[in-house]
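Subject: Structure for you to look at

Hello,

Here is the structure I said I would pass on. Please open it first and then read the notes under it.

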Amino acid sequence: MELSILKRECCGHGRCFTYFPQLFEPDEEGLGRPRFETVPAGQAQLARLAVTECPERAIVLTTTQPDRSVSGEDQR
Ligand code: SF4
C-alpha cells in the first residue's frame, strides 16, 4: 500500500501532519509530505482515515496488487 500527496491539490492546511504525524510531515513549503512511500505495517487503517480527512482530497493511497500476468504459454 503506497501513500502519496498530489502537490497541485495540496493547500497546506496541515491536517495530515497535525493529526497523523506518524505518516506525514510538512515539507519546506509547509505542504504535506508522506514520511514513507509504503505504509508501515499496522498503519493501513490510519492511512485510510487520513485520506478521508484531507479537505482537498490530495492524499492518495494505492494498493499494489500482486502480479497476475500469465506466462507466454498461458496467453493463447
Ligand atoms: S491535509 Fe491535505 S491539503 Fe492539507 S496539508 Fe495535508 S495533504 Fe495538503
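This is a predicted model: local features need pLDDT of at least 70, side-chain atom pairs count only at pLDDT 80 or more; totals for chains, interfaces and linings use all residues.

Ligand site. There are 14 residues around the ligand, and those that come nearest are Cys10, His13, Cys16, Gly32 and Cys54. Sorted by class, this shell holds 8 nonpolar, 4 polar and 2 charged residues.

Core. The largest nonpolar core has 14 residues, of which Cys16, Leu23, Ala50 and Ile59 touch the most other members. At least two residues of this core come from each of strand E1 (2–5), helix H1 (15–19) and helix H2. Leaving aside residues up to four places away in sequence, Cys16 touches Phe24, Gly32, Ala50, Cys54 and Ile59.

Strand E1. One face of E1, with Leu3 and Ile5, is covered, while the other, with Glu2 and Ser4, is uncovered. E1 runs antiparallel to E4, and 4 bridges join the two. Within this pair, Ser4 stands opposite Val60 of E4.

Arg57. This residue is in the loop between helix H2 (44–53) and strand E4 (59–62). Most residues other than glycine have a negative phi. Arg57 is not a glycine, yet its phi is positive, at about 55 degrees. Is Arg57 buried or exposed? Arg57 counts as exposed because 11 other C-beta atoms lie within 10 Å, and the cut-off for exposed is 12 or fewer.

Regards

Technical notes:
Residues are numbered from 1 along each chain as its sequence is written. A residue is near a molecule or strand if its C-beta atom, placed from the backbone, lies within 6 Å of it. Ala, Val, Leu, Ile, Met, Phe, Trp, Tyr, Cys and Pro count as nonpolar, Asp, Glu, Lys and Arg as charged, and the others, Gly among them, as polar. A residue is buried if 20 or more other C-beta atoms lie within 10 Å of its own, exposed if 12 or fewer, and partly exposed in between; C-beta atoms are placed from the backbone. A nonpolar core is a set of buried Ala, Val, Leu, Ile, Met, Phe, Trp, Tyr and Cys residues joined through C-beta atoms within 7 Å. Two residues are in contact if their C-beta atoms, placed from the backbone, lie within 7 Å. Two strands pair if DSSP finds at least two bridges between them.
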